[in-house]
Amino acid sequence: MPRSLALRIQMPAPDAKTVLAGLWRGAGHGDAALRQIQFTGSEPVLPSSFAVGTAAQATIGAAALAATELWRLRGGRRQSVGVDMRHAAIEFRSERYLRVDGKRPDEYHDDLAGLYLCGDGRFARLHTNLPHHCSGLLKLLGVSHDKAAVQRALNRLTAEALENAAAEAGLVVTACRSFSEWDRHPQGQAVAKLPLLSIEKIGDAPAKKLAAADRPLSGVKVLDLTRIIAGPVCGRTLAAHGADVLLVTAKHLASMLPLVMDTGRGKLSTSLDLRDAGGRETLAALLPDADVFVQGYRPGAIAAHGFAPQDVARLRPGIVYASLCAYGHEGPWASRRGFDSLVQTASGFNVAEAEAFGSPKPKELPTQELDHATGYLLAFAVLTALKRQLQEGGSWHVRLSLAQTGHWLRRLGRIDGTTCPDPGIDDVRDCLEQTASGFGRLTTVRHAATMSETPPHWARPSMPLGTHAPVWPR
């Protein structure tokens with residue numbers, strides 16, 4: 001991919017309101033609410049050949065608009081919603097602008113992570129930022145923690161052989177593919193057949209009654225069993241609209257502290273080990289008062305502990321259960337672990353972005369776009385399912401994946417954003433706010449959605465994992 005072959009993208013930018021309308025109608029909402037939203041700004045807002053700003057504006061707008069509809073069902077009025085595209089795009093990289101007491105927080109980044117050429121001349125991406133993934137990969141390759149040693153081992157492997165061996169070992173490595181290669185791949189074909197998101201009724205239950213309240217999700221209780229970015233962004237968004245979100249993690253699970261700080265705003269945080277009967281019993285005891293159960297572990301992991309969608313719906317009729325995964329719930333990769341950077345690599349985005357910029361190496365999108373977009377889409381789908389529960393009753397299962405979001409982003413088309421500047425923290429001060437936390441004073445990105453009657457905000461400070469008892473607030 002020599003620089004002289006940089007592609008000049010000449011397509012018009014997609015209309016964000018049209019994109020939002022597609023999301024809104026696709027989830028079964030009526031058109032009346034669409035008149036309440038105002039979008040400002042235009043592409044490009046970040047250096048990319050993809051409509052990353054449009055995706056940010058539309059998904060954040062969809063979640064906010066769904067919150068207004070739920071509030072209206074609780075006796076509230078219609079209200080106006082606004083989302084600025086630049087601010088939305090900045091929120092899609094909120095972790096980059098996080099500061100603690102004015103300083104960038106220390107973030108563990110393993111120096112082995114990244115792109116490597118394999119023996120067949122193809123690139124592969126290694127994800128080693130979680131310690132168990134790093135040690136597992138070194139064991140698989142039979143080398144020490146040395147970049148040169150890793151490269152020598154990869155010189156003897158093809159990219160796809162490495163990818164398959166890593167997957168069989170429960171590790172996270174992907175070969176770098178073009179869009180056309182992904183379209184021919186069995187998992188790419190499986191993803192292309194799936195909708196962006198699904199909201200399925202999985203059980204009978206009476207419709208709930210939510211009393212009038214000053215916020216859309218006041219009194220709504222959410223169990224948040226997610227990590228890293230996409231799932232936690234969903235929980236953070238629900239908390240911004242007033243939900244009591246209880247983050248459930250365990251001491252043995254690896255975490256990335258800056259992400260905990262950024263996505264923990266508005267949440268309670270407890271620790272339960274589901275490998276133990278006591279942890280499972282405690283989680284089950286929380287369910288009767290829960291309204292939403294969000295889990296972002298690989299397919300089958302939470303079910304193995306007795307908390308599959310049908311199990312939770314039996315224990316808590318009327319629940320909204322949300323499942324998030326990397327590659328979709330169908331296809332040969334349905335059970336594979338994955339992260340945003342790996343899904344981008346596997347599904348063609350890095351090759352396409354490199355071609356647009358004339359880069360000789362695969363190039364990442366300027367945000368963890370699939371993570372953030374999926375997080376807001378997950379919140380939108382949960383809010384939509386809550387509305388259906390209020391109107392129709394039933395228990396509901398919401399499903400999304402990073403790969404499905406990538407397929408949707410790709411269909412938004414391309415823009416010429418290759419010369420757009422990449423904003424640093426001094427360029428985005430107008431989008432930031434400062435709050436107290438259990439880590440120190442946080443500088444964070446303010447939520448990009450504005451609402452005339454129920455302004456989004458986080459009523460609880462971000463706190464260290466496991467700070468709170470596993471009980472609901474009274």
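The model is predicted.

**The sheet and its helix**

Strands of a sheet pair through backbone hydrogen bonds, in either a parallel or an antiparallel arrangement. Here, three strands in the order β4-β5-β6 form an open sheet with antiparallel pairing. Its edges are β4 (114–117) and β6 (173–175), each of which pairs on one side only. From one strand to the next, the twist averages 25°. Helix α5 (residues 147–154) packs on this sheet and touches β4 and β5. The direction of α5 makes about 45° with that of β4.

The pairing of β5 (residues 123–126) with β6 is antiparallel and runs over 3 bridges. Leu126 has Val173 of β6 as its bridge partner.

**The nonpolar core**

In soluble globular proteins, nonpolar side chains tend to be buried together. The largest nonpolar core of this model contains 98 residues. Those that touch the most other members are Leu238, Tyr327, Phe380 and Val398. Among the contributors to this core, helix α15 (residues 369–392) gives the most, with 13 residues.

Apart from neighbours within four places in sequence, Leu238 is in contact with Leu217, Val222, Ala243, Val245, Ala379, Val382 and Leu383.

| Space | Volume | Lining residues |
|---|---|---|
| Largest cavity | about 200 Å³ | 17 residues |
| Largest pocket | about 850 Å³ | 38 residues |

Among the residues lining the largest cavity, Thr226, Leu247, Val260, Thr263 and Leu465 are the closest to its centre. Two or more lining residues come from each of β9 (244–249), α10 (257–263) and β10 (267–271). The largest share, 3 residues, is supplied by α10.

For the largest pocket, the lining residues closest to the centre are Arg227, Gly296, Tyr297, Arg298 and Arg337. At least two residues of this lining are supplied by each of α4 (131–141), α9 (230–240), β9 and β12 (320–325).

Conventions
Residues are numbered from 1 along each chain as its sequence is written. This is a predicted model: local features need pLDDT of at least 70, side-chain atom pairs count only at pLDDT 80 or more; totals for chains, interfaces and linings use all residues. Side-chain values use heavy atoms; hydrogens and water are left out. Two strands pair if DSSP finds at least two bridges between them. Helices (H or I, at least four residues) and strands (E, at least two) are DSSP runs, numbered from the N terminus. Axes are lines fitted to C-alpha atoms, for helices over the stretch in contact, and angles run from 0 to 180 degrees between N-to-C directions. Contact means heavy atoms within 4.5 Å. A nonpolar core is a set of buried Ala, Val, Leu, Ile, Met, Phe, Trp, Tyr and Cys residues joined through side-chain atoms within 4.5 Å. Buried means under 20% relative accessible area, exposed over 50%, partly exposed in between (1.4 Å probe, protein chains only). On a 1 Å grid over the protein atoms alone, a cavity is a set of points where a 1.4 Å probe fits but cannot get out, and a pocket is an open set with protein on both sides within 12 Å along at least five of seven lines; lining residues have an atom within 4 Å of a point. Grid points are joined across faces, edges and corners, and a volume is the space filled by probe spheres set on the points.
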